[in-house]
Amino acid sequence: MIDHNTVQQILDTADIVDVVSDFVTLKKRGANWIGLCPFHNDRRPSFYVSRSKGICKCFACGEGGSAVNFIMKHEQLSYPEALRYLARKYHIEIQEKELTDEEKQAQTEREAMLMLNEWACSYFEKQLHDTQAGQEIGLSYFRERGFNDATIKEFRLGYSSEGYDDFYKAAVAQGFNPKLLFDTGLCIADEHGGGRDRFRGRVIFPIMNIAGKVIAFGGRTLKKDKNIAKYVNSPESVIYSKRNVIYGLYQAKREISKEDKCFIVEGYADVISMHQAGFKNVIASSGTALTEGHIHAIRRFTSNVTEMFDGDAAGIKAAIRGVDMLLKEGISIKVLPLPPEDDPDTFVRAHSHTEAEEYILQNEADFIHFKSNIVLKDAKNDPIKRTAAITDVVKSIALIPDEIARMVYAKECSTLFGFDEQTILRQIKQYRGKYLEQWRKEREQQQAREARMNQASGDNTATQPAPPDDMPPAPLPDDLYPETGPADTPPTTHHTVNVNDGIVVQEREVIRLIVNYGMCYLTDTEYDDGSVRPTTVLEHINNEIFLENMEFSDPLYKRTFELALQYVPQYYKDLEEFKKQLKESTSQYISQEMATQDEVAPDALDSAALISAQERKEKEVLSRANVRAKQAETEFSSSYLMKALCSIDDDDVRQLACDLATDNLPQLSKIHTQFAVILEERDKLLSLVPDRLYNWKNALLVQAINVIKERISHASAEELPQLMEHLQKLYSVRHELAAVIGDRVVNPN
């Protein structure tokens, strides 16, 4: 694992403008940079980058974050992979920390398999290019398919020789464990204690994961023997799951995101030919039915899919298969039938890019329309078949999660089939109800299976049922809200009290201030020992939460707050180091400024005037230096926590921090940034932080009052006096709070 100091060096070195500029053309606008968003089809520049904050944000689609987050999203890398990417960019040597035995055991097998597959891929590439058989058989085949050198290199195509165990012997000689060769499926154990090559005599199509790691292989035989399987694929392993991996997604992901659309074809050659023809947002199901894992992988980049298939009967059936699953997941589907004599590979090789584009535009059809035409064509004038066909289409529409989309399709079906729209809507509702019940049972069965597995493994925590969505909130702490009852006392009512959304809103605002200004100086605080120390925004909020016995109700906000507190000791260490560096740079600045000579008039000043001018200049330089140093220290403190949390190895906290940080990114016109005097939020923290804390307290009080009111409405005669007394005390506390924050206290309900 990468050690903390190396991670910090990477985060400190990475320049958000420099990183984003590798993928986006940026132009300076005021204090920020702006360009076309790489995450959606942006026609007008809406992607803003702030060097001072170290973050970016698209004001159209909402994507953005820190340099690490940007690389993770743009290149679809994990957190460690993104860090390594930035380390390579800035030539930072990665320092690893020692792993525990458990961590080593978990990582060793996976890393060994990836290492072996990478070596195997290079081996097959060399076999293709550097051997006579590879050139005469493998390379000739790829040339016949029309693949050029750049395409062969990009998809890392290869060749495996005819030898029984040529690859096995080469891998063992390289030092790879035979067991690893069998586990990855590259070789198959034989009865002699050795191994035979799985892909011998085949051209090789490496299969890569989303990060470009080789995780499996597909091999195609060039022989005409019908007893030999045309394609052979790697078996499933620790690193390869057929249900979750789509061929070509690594090469296509960027273009899919940009176009917000992908084409699905069937085979390896289809993907490669279309990619070479300029349609780079193409992936393949590799001849298998689409799974939920495939669909989830696609949805990371787009919700718009076009299925390309052969125009014959087999191709039509292949297009219809699995489409219901896409509809269920909310994917917008179109279909593109090709001429009967073509598949995607032969079609794009026989037509120019422009011709292919025109064909797509003219023949791409909405799936519901396509399916309706197909089923009605098969039914002809048979009323029974016609009824079954219409029912089939209605069932597909019922799978669509979006209600508005279902209504639109219902209207179109009523026109196509000549049925009353309300009749179709009733049928859709009926089937929708059946689907929901079926999915609920499947989910319960899955949870039961997981519970049994957890019990078998001795993990009892996972078997605990989750609280219902309408569960009433727990009573609030006794110290701040007197006598509302202990935390384990349930309300004496069978009715539920909805959780006060206003509390979560106020909590989010407090967390936003922490993320953006947590380490900023706020005020001086006098402690019990008589000492007076400067207090940051985070420390002040922590003190208030402790004194008032408050707690974040949202688990993510609570975790973010706790992680932020862990940075406090490190912040003061880093601040001292920063001050040392700042002192040196300030001295250098003063020396450089004082060394510059002002122009002297021809009638030179006398010595007294020169001394006076020199003193005046020295004061001006010192004044500018102090201002620069103060601004630098303020910027360091202001951005410290935001940069840390926006680059932390916790997906949920990092995403929240990035969202909260980019919420505060100004989007200003050239005129505003050039002429306006902008009062930053940071300049108003002394009033803003107490204000947000008071609002949070008030929201908590409102919730506590509502809980007591609900109890009173169902209380017995014996309980009523005590509850009324509690209510009066709560009103008294809220009245005192209102006196502090004024009459602007708003009921969060």
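Predicted model: local features only at pLDDT ≥ 70, side-chain atom pairs only at ≥ 80, totals over all residues.
Residues are numbered from 1 along each chain as its sequence is written, and side-chain values use heavy atoms, with hydrogens and water left out.

Let's start with helix α18, residues 383–398. Helices here are DSSP runs of H or I with at least four residues, strands are runs of E with at least two, and both are numbered from the N terminus. The expected span of a helix is 1.5 Å times one less than its number of residues. Several α18 residues are buried, including Ile390, Val393, Ile397 and Ala398; buried means under 20% relative accessible area, exposed over 50%, and partly exposed in between, with a 1.4 Å probe and protein chains only.

Those four turn up again in the packing against helix α19 (residues 403–417): together with Arg386, they meet Arg406, Tyr409, Cys413 and Phe417. Contact means heavy atoms within 4.5 Å. By class, this contact has 7 nonpolar, no polar and 2 charged residues. Ala, Val, Leu, Ile, Met, Phe, Trp, Tyr, Cys and Pro count as nonpolar, Asp, Glu, Lys and Arg as charged, and the others, Gly among them, as polar.

How do the two helices lie? Their axes come within 10 Å and cross at roughly 165 degrees, which makes α18 roughly antiparallel to α19. Axes are lines fitted to C-alpha atoms, for helices over the stretch in contact, and angles run from 0 to 180 degrees between N-to-C directions. Under 35 degrees is roughly parallel, over 145 roughly antiparallel, 65 to 115 roughly perpendicular, and the rest oblique.

Now look at α22 (residues 537–547) and α23 (residues 555–566), which pack at about 125 degrees with axes 11 Å apart. This pair is therefore oblique. Leu538, Ile541, Asn542 and Ile545 of α22 make the contact with Phe561, Ala564 and Leu565 of α23. The tally is 6 nonpolar, 1 polar and no charged residues.

Last stop: Asn233, in strand β11 (residues 231–233). Asn233 is partly exposed, because its relative accessible area is 29%. Its contacts, not counting residues up to four places away in sequence, include Phe199, Phe217, Tyr268 and Arg198. Arg198 is 35 residues away along the chain, yet the C-alpha atoms of Asn233 and Arg198 are separated by 8.8 Å.
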